[in-house]
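Here are my comments on the model you sent. Please read them with the coordinates open.

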Amino acid sequence: MSAASVISVLDDDPYVRAAINNLLESRGYVVHTFASADEFLRSSDSNGTSCVIADVQMPLMTGIDLLTQMRAHGSATPFIFITAFPDESVRVRALKAGAICFLGKPFAASDLMQCLDRALAAGHETLQ
């Protein structure tokens, strides 16, 4: 893990945001949390993130729509999706859009950490 790894967590559920924030901060990551994709996009923190962990179902803009928009603007930021509704067709759509992982809630902390390791390794390869 790089000391500069900044993880952006997007979820409209404040309890999910807090839980993931606490987990990642306990592992030494810098974490920025957002209640929506729009809040993330308006933030100056959006450009410096090493990985986005986003809920699929959010008001106004879904996590997959956010990923699609960011890719259209040239961003290669790795994405991990989390969802309370782990539908297979949504999983396929998320992975086709470029997600590194797709986790159904509730998920084990170890599963999220494995996904994050993969995402950060993928992001590092993109930078080289």
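The points below cover the basis of the model, its cysteines, an annotated aspartate and a pocket.

1. Basis. This is a predicted model, in which local features need pLDDT of at least 70 and side-chain atom pairs count only at pLDDT 80 or more, while totals for chains, interfaces and linings use all residues. Residues are numbered from 1 along each chain as its sequence is written, and side-chain values use heavy atoms, with hydrogens and water left out.

2. Disulfide. The whole structure holds one disulfide (a pair of cysteine sulfur atoms within 2.5 Å). C101 and C115 form it, with 2.3 Å between their sulfur atoms. It connects distant parts of the chain: C101 belongs to strand β5 (residues 101-104), C115 to helix α5 (residues 109-127), and 14 residues separate them. Helices (H or I, at least four residues) and strands (E, at least two) are DSSP runs, numbered from the N terminus. The S-S torsion of C101 and C115 is about -100°, so the disulfide is left-handed. C101 and C115 are both buried (under 20% relative accessible area; exposed is over 50%, partly exposed in between; 1.4 Å probe, protein chains only).

3. C51. C51 is buried, at a relative accessible area of 0%.

4. UniProt (unreviewed entry) marks D55 as "modified residue: 4-aspartylphosphate". UniProt positions follow the numbering used here, feature names are shortened, and annotations may be inferred rather than shown by experiment. D55 sits in strand β3 (residues 51-55). Its relative accessibility is 5%, so D55 counts as buried. Beyond neighbours within four places in sequence, D55 has contacts (heavy atoms within 4.5 Å) that include D11, D12, T83 and K105.

5. The UniProt annotation "domain: Response regulatory" (unreviewed entry) spans residues 6-120. That span is 44% helix and 21% strand, and its end C-alpha atoms are 10 Å apart.

6. Pocket lining. Which residues line the second largest pocket? They are F40, L41, S46, N47, Q69, M70, H73, S75 and T77. Helices α2 (37-42) and α3 (63-72) are the elements that give two or more residues to this lining. A pocket is an open set of points on a 1 Å grid over the protein atoms alone, where a 1.4 Å probe fits, with protein on both sides within 12 Å along at least five of seven lines; lining residues have an atom within 4 Å of a point.
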